[in-house]
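Q: I would like to learn how to read helix packing and ring pairs in a model. Please take the features one at a time.

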Amino acid sequence: MPFTSLVARLPYPSATVQRAVGIAAVLAQALIGVTGSIVRVTGSGLGCPTWPQCVAGSLVPVDHPGIHALNQWIEFGNRMLTGVVIAVAAVAVITAWRVQIDHPSRTRLVKLAWTMPGGVVLQAVVGGMTVLAKLEWWTVAIHFLATTPLVWLAVLLLRAFREGDEPARPLVPGRSVLVALAVVMWLVLAAGTTVTGAGPHSGDINTHRLAVSVETLAQVHGGLLVLYMLLLAVFGLQLLRAGAPKSLWQRYIAVWVVALAQGGLGSLQYALGVPEAMVSFHVLGAMAVIIATATLWTGSRDRGPAVSLTAAPKELATA
């Protein structure tokens with residue numbers, strides 16, 4: 001294949017480069033979710049009221065009656081950031097592809113890398129549908145929730161650069177609790193989108209809101225977070241019983257720190273009447289919870305030693 005021969009001419013990515021690409025993928029996927037919240041709390045969700053154009057007849061912001069220039073540029077800037085995310089995703093694919101050329105067994109790494117651009121394209125389409133639907137609360141919820149598995153997969157990609165491809169071997173028993181923890185985490189995130197859907201920050205003053213009491217939805221959201229923490233405590237007991245390695249304990253403690261900080265931030269945000277800046281910090285905290293939980297997930301199993309941190313011997317790569 002011509003593309004394969006072109007990629008093969010690139011220098012082999014060092015372990016440092018592979019790690020940097022993985023970290024960049026995680027940050028890019030997480031930050032696009034945070035900037036989306038900035039669009040919403042500033043009321044800029046329809047700063048560009050059409051898609052893929054910004055306004056009818058123009059791909060970029062132009063003077064338009066009834067739309068403030070700042071709102072246009074905030075929404076347009078978020079769209080342009082998607083281009084950066086796509087660029088990072090493309091680099092991830094090329095890096096994984098270059099690794100596989102020297103190490104043909106690394107098909108899992110390449111598949112994970114391809115989820116990055118594929119997911120971004122899907123997100124762009126969902127974002128366009130959200131704009132065309134005039135920011136109906138449920139479309140905004142779907143738009144946010146579609147980002148969360150991409151953040152999770154980016155963490156798996158980062159880990160894949162530094163591990164082998166053997167069947168996953170659990171380091172501790174009771175992995176079903178960890179599965180339940182991940183499921184409840186997404187339920188917490190989904191419940192959070194309903195609170196947002198009923199809350200004051202719609203992205204545009206004319207957008208319909210979810211006609212349910214914010215207090216009720218916030219209680220459901222908080223209750224699910226308590227369930228998440230209970231499952232996390234149960235998993236900690238399993239780590240203690242199994243004599244888990246230090247590295248796994250470090251990941252476990254990091255999840256507790258992030259989850260408690262996020263819970264405290266959410267409670268403070270609610271008590272203060274949901275100020276705009278705290279909404280975006282709360283979304284940032286949600287991304288941190290996903291990253292920490294995914295890191296605990298990847299650290300709780302072993303796929304064997306990394307085989308592709310260095311290039312294969314020349315004669316093997318040629319073969």
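Q: Where does Thr82 lie?
A: Thr82 lies in helix H3; helices here are DSSP runs of H or I with at least four residues, numbered from the N terminus. The model is a predicted one, in which local features need pLDDT of at least 70 and side-chain atom pairs count only at pLDDT 80 or more, while totals for chains, interfaces and linings use all residues. Residues are numbered from 1 along each chain as its sequence is written, and side-chain values use heavy atoms, with hydrogens and water left out.

Q: Which residues is Thr82 in contact with, leaving aside its neighbours within four places in sequence?
A: Contact means heavy atoms within 4.5 Å. With those neighbours left aside, Thr82 is in contact with Ile32 and Val120. The C-alpha atoms of Thr82 and Ile32 are separated by 7.1 Å, although the two residues are 50 residues apart along the chain.

Q: At what angle do helix H3 and H4 pack?
A: Two packed helices are described by the angle between their axes and the distance between the axes. The axes are lines fitted to C-alpha atoms, for helices over the stretch in contact, and angles run from 0 to 180 degrees between N-to-C directions. Helix H3 (residues 69-102) and H4 pack at about 165 degrees, and their axes are 7 Å apart. H3 and H4 are therefore roughly antiparallel to each other; angles under 35 degrees count as roughly parallel, over 145 as roughly antiparallel, 65 to 115 as roughly perpendicular and the rest as oblique. H3 passes H4 in a left-handed crossing, a term used if the near helix is turned anticlockwise from the far one by less than a right angle, with right-handed for clockwise.

Q: Which residues make the contact of H3 with H4?
A: On the H3 side they include Glu75, Arg79, Thr82, Ile86 and Trp97. On the H4 side, Val110, Trp114, Pro117 and Val120 are among them. By class, the contact of H3 with H4 has 16 nonpolar, three polar and two charged residues. Ala, Val, Leu, Ile, Met, Phe, Trp, Tyr, Cys and Pro count as nonpolar, Asp, Glu, Lys and Arg as charged, and the others, Gly among them, as polar.

Q: How do I read H4 against helix H5?
A: H4 and helix H5 (residues 137-145) have their axes 9 Å apart and pack at an angle of about 165 degrees. That makes H4 roughly antiparallel to H5. Their crossing is left-handed. Gln123, Val126, Gly127 and Thr130 of H4 meet Thr139, Val140, Ile142 and His143 of H5. The classes in this contact are three nonpolar, five polar and no charged residues.

Q: At what angle do the axes of H4 and helix H6 cross?
A: The axes of helix H4 (residues 107-132) and helix H6 (residues 147-160) cross at roughly 155 degrees and come within 9 Å. H4 is therefore roughly antiparallel to H6. The crossing of H4 and H6 is left-handed. Among the residues in contact are Leu112, Met116 and Gly119 of H4, and Leu150, Leu153 and Leu157 of H6. The contact of H4 with H6 has 11 nonpolar, four polar and one charged residues.

Q: How many aromatic pairs does the count come to?
A: A pair of aromatic rings is described by the distance of the centres and the angle of the planes. Rings of Phe, Tyr and Trp (its six-membered ring) pair if their centres lie within 6.5 Å; planes under 30 degrees apart count as stacked, over 60 as edge-to-face and the rest as tilted. The count comes to four aromatic pairs. The rings of Trp152 and Trp297 have centres 5.7 Å apart and planes at 65 degrees, so this pair is edge-to-face.

Technical notes. Helices (H or I, at least four residues) and strands (E, at least two) are DSSP runs, numbered from the N terminus.
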